[in-house]
Amino acid sequence: MESIIFWGFNLYAWITIATVLTMFTVLLFTRLRADLVFLGAISILFVTGVLNAKEAFSGFSSTSVVIIGVLFVVVAGLTHTGVLQWIVKHLLGQPKSYSKAVIRLMLPVAALSSFLSNTTVVALFVGIVKMWSKKLNISPSKLLIPLSYASGMGGVCTLIGTPPNLIISGLYAEHTGNAMNVLATTIPGLFCLFIGVLSIIAMRKLLPDRKAPEAAFESTSDYTVELLVPTDNPYVGQTIAEAGFNNVRGGRLIEIMHYDDVISPVPDDDMVMGGDRLIFAGQIDEILDLKKSHGLVNADHHVFSMSEVDTNRQLRTAFVNFGSSLINTSIGSGSFEKDNNMILVAVARRGKRIDESPREVILQAGDTLLLECPPNVNIHTERLSSQLQFFDSAQVPNIGKKTLVSTTIMIAMVVLSALNVIPLLQCAFLAAMAMLIFKCCNVDQAMKAINWEILMVFAGSVVLGVAIQKTGIAERLAFGILDVCGSNPIVVMTAICLVGTFITEFISNTAAGAMFFPIMYEAAEKLGYEPYPFLIALMVSVSSSFATPIGSPTHMLVYGPGGYRFSDFMRIGLLMNFIILAANILIVNIIYPLTPLH
């Protein structure tokens with residue numbers, strides 16, 4: 001099959017091209033899990049003979065993928081000992097202007113993201129930034145995009161800060177036998193971060209001024225109605241189901257107050273008694289029709305407000321995650337409430353409450369839900385966290401001696417690796433073992449911290465890179481770019497980085513890094529230059545996704561809480577892409593001058 005040539009590519013190359021394009025299309029337009037998509041792509045390349053068994057499974061033994069897996073355990077130790085929470089508490093402060101607020105926010109976030117998972121850092125900061133923005137009287141939407149951008153730019157500053165850096169550096173080591181220093185990208189990353197912070201301050205007017213989604217829920221008296229059952233009401237003595245209170249038009253019975261007893265959720269066989277207070281949630285005008293149809297009267301005061309929540313139940317705000325199975329469904333059509341012991345009270349979209357029966361609203365990604373639930377409900381279960389991001393979900397562990405221990409372990413890992421005393425892989429294993437030995441996290445916490453879906457994507461990305469290089473696609477594309485751009489190495493570097501920057505707006509930055517590594521490597525060698533500076537520039541580029549909310553998991557985390565629209569990211573993000581690209585090419589060529597191959 002290798003002898004069949006069409007448009008310069010053999011059959012194996014065309015199978016690889018078709019597989020990669022299909023995979024990207026599926027990732028863009030479906031909600032299939034990314035790990036399954038990558039596994040399917042690997043299977044096709046293996047079954048069709050493009051890759052042999054060793055090549056098809058090379059991603060699972062890749063050094064960079066193993067490091068990522070071990071680092072999950074290190075991050076678990078930092079998280080469970082309160083290191084991140086301590087940093088947040090002591091660094092944000094009370095700045096007097098927007099410019100100072102952006103600096104106070106972006107610099108510590110970038111510093112943390114240089115060593116920890118970007119997603120972990122942003123998930124921690126989202127709720128805190130929203131509360132902080134209220135104190136500063138700044139719209140959260142003015143701070144949450146900078147938060148997400150800072151995590152991406154900070155991650156570039158070290159090899160362990162973002163997965164593409166580990167993937168690209170790992171592939172470079174395999175090709176050349178030379179390992180990159182863990183701080184190889186620090187100066188270029190810091191320069192781009194500095195330019196990024198200045199750009200956001202200068203372009204602040206391009207950041208949207210959106211109303212916070214939960215602002216629609218600050219007063220609950222406009223969507224919950226309390227009605228009283230008179231003692232002579234004909235439905236007294238009947239069950240809730242018999243009286244028809246369990247399924248009313250435009251709303252739902254969420255609670256009954258039998259004198260001092262509060263019943264919620266309300267069972268269908270509960271008896272209606274004279275003097276009961278019935279609390280309904282939903283569309284007000286339709287619920288009030290119950291006064292005529294069921295002989296109910298207005299209660300003398302409204303029970304629910306955000307400052308007066310019943311001790312037995314709480315109101316919690318959550319945002320529908322991208323990829324959640326709740327998207328395009330209504331709460332009333334499934335068993336979500338029953339499964340999680342929660343009741344949906346209201347739905348808001350982009351800061352405005354939706355005037356429909358909440359349980360009938362077809363949910364979208366980023367919708368804000370107001371849920372009534374027990375105070376001790378576990379909102380950190382895998383089932384819930386995959387569906388919803390709770391506004392007040394940050395766990396605050398006790399800060400003590402273990403906080404210092406885990407911090408020391410992390411610093412030791414970075415320093416020993418940076419000074420080339422111990423290779424990064426061994427450093428990561430030693431740090432993970434130390435976290436467990438000193439009980440910064442237990443074995444269960446460590447295992448739960450490992451994101452197997454992400455590891456599958458990383459391993460799949462490595463395999464795709466192998467296929468692209470083995471089939472000659474990388475070489476052909478490198479020659480094609482050289483034909484278009486000529487023999488100027490800076491022009492070629494800029495062209496590949498530009499394409500990489502925009503590709504990573506739509507696909508995983510890890511996949512983009514693995515896909516563009518062989519292209520950049522081949523192009524550098526064809527020009528007769530050492531690939532090292534070209535690859536440093538590529539690392540920054542594939543992590544510079546600013547223009548779409550699907551370009552990074554951290555963008556998705558802030559999308560709902562910020563009340564954003566898709567176009568909000570494009571308005572400032574497209575300019576940021578070009579600004580950071582220019583800064584990247586400039587600083588890389590200053591720090592790492594191009595060196596001809598010997």
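## Helix α8

In this predicted model, 15 of the 15 residues of helix α8 (residues 141-155) are buried, so the helix is largely enclosed by the rest of the structure. Buried here denotes under 20% relative accessible area and exposed over 50%, with partly exposed in between, for a 1.4 Å probe and protein chains only. The end C-alpha atoms of α8 are 22 Å apart, which agrees with the 21 Å that its 15 residues should span at 1.5 Å a residue. The expected span is 1.5 Å times one less than the number of residues in the helix.

Residues are numbered from 1 along each chain as its sequence is written. Because the model is predicted, local features need pLDDT of at least 70 and side-chain atom pairs count only at pLDDT 80 or more, whereas totals for chains, interfaces and linings use all residues; side-chain values use heavy atoms, with hydrogens and water left out.

## Overall composition

The protein has 25 helices and twelve strands. These elements are DSSP runs numbered from the N terminus: helices are H or I runs of at least four residues, and strands are E runs of at least two. Of the 598 residues, 54% count as buried.

Among contacts with a separation of 6 or more, 78% are accounted for by residues 24 or more positions apart. A contact means heavy atoms within 4.5 Å.

## Helix α16

Helix α16 (residues 401-418) has 18 residues and reaches 26 Å from its first C-alpha to its last, close to the 26 Å expected at 1.5 Å a residue. Its buried residues are T403, S406, I409, M410, M413, V414, S417 and A418. They cover an arc of only 160° around the axis, which puts them on the same side of α16; the arc is that of the directions from the helix axis to the C-beta atoms. An α-helix has 3.6 residues a turn, so residues three or four places apart point the same way.

On the other side of α16, K401 and L404 are exposed. Just after the helix, N420 takes a positive phi of about 60°.

## Nonpolar cores

The largest nonpolar core has 139 residues, of which L147 and M413 touch the most other members. Helix α22 (residues 509-527) gives the most to this core, with twelve residues. A second, separate core of 18 residues includes A318, M342, L369 and L371. Such a core is a set of buried Ala, Val, Leu, Ile, Met, Phe, Trp, Tyr and Cys residues joined through side-chain atoms within 4.5 Å.

Leaving aside neighbours within four places in sequence, M413 is in contact with L71, V74, I160, C427, A428 and A431.

## Strand β9 and its partners

Six of the seven residues of strand β9 (residues 343-349) are buried, so this strand is largely enclosed by the rest of the structure. Five bridges join β9 to strand β11 (residues 368-373), and the two run antiparallel. Within this pair, A346 stands opposite L370.

Strand β10 (residues 352-353) is also antiparallel to β9, and two bridges join them. Here A348 stands opposite R353. Two strands pair if DSSP finds at least two bridges between them.

T501 is placed in helix α21 (residues 489-503) and counts as buried because its relative accessibility is 2%. Not counting residues up to four places away in sequence, T501 touches S541, S544 and N577. Its side chain reaches the backbone oxygen of S541 at 3.5 Å. T501 and V542, which are 41 residues apart in sequence, are 5.2 Å apart in space, C-alpha to C-alpha.

H294 is found in the loop between α13 (290-293) and β7 (297-298), and at 13% relative accessibility it counts as buried. Apart from neighbours within four places in sequence, H294 is in contact with N233, Y235, A243, G244 and F245. A polar atom of the H294 side chain lies 3.0 Å from the backbone oxygen of A243. Between H294 and A243 there are 51 residues of sequence separation and 8.3 Å in space, C-alpha to C-alpha.

Methods:
A polar contact is a pair of N or O atoms within 3.5 Å; within protein, one must be able to donate a hydrogen and the other to accept it, and residues adjacent in sequence count only if both atoms are side-chain atoms.
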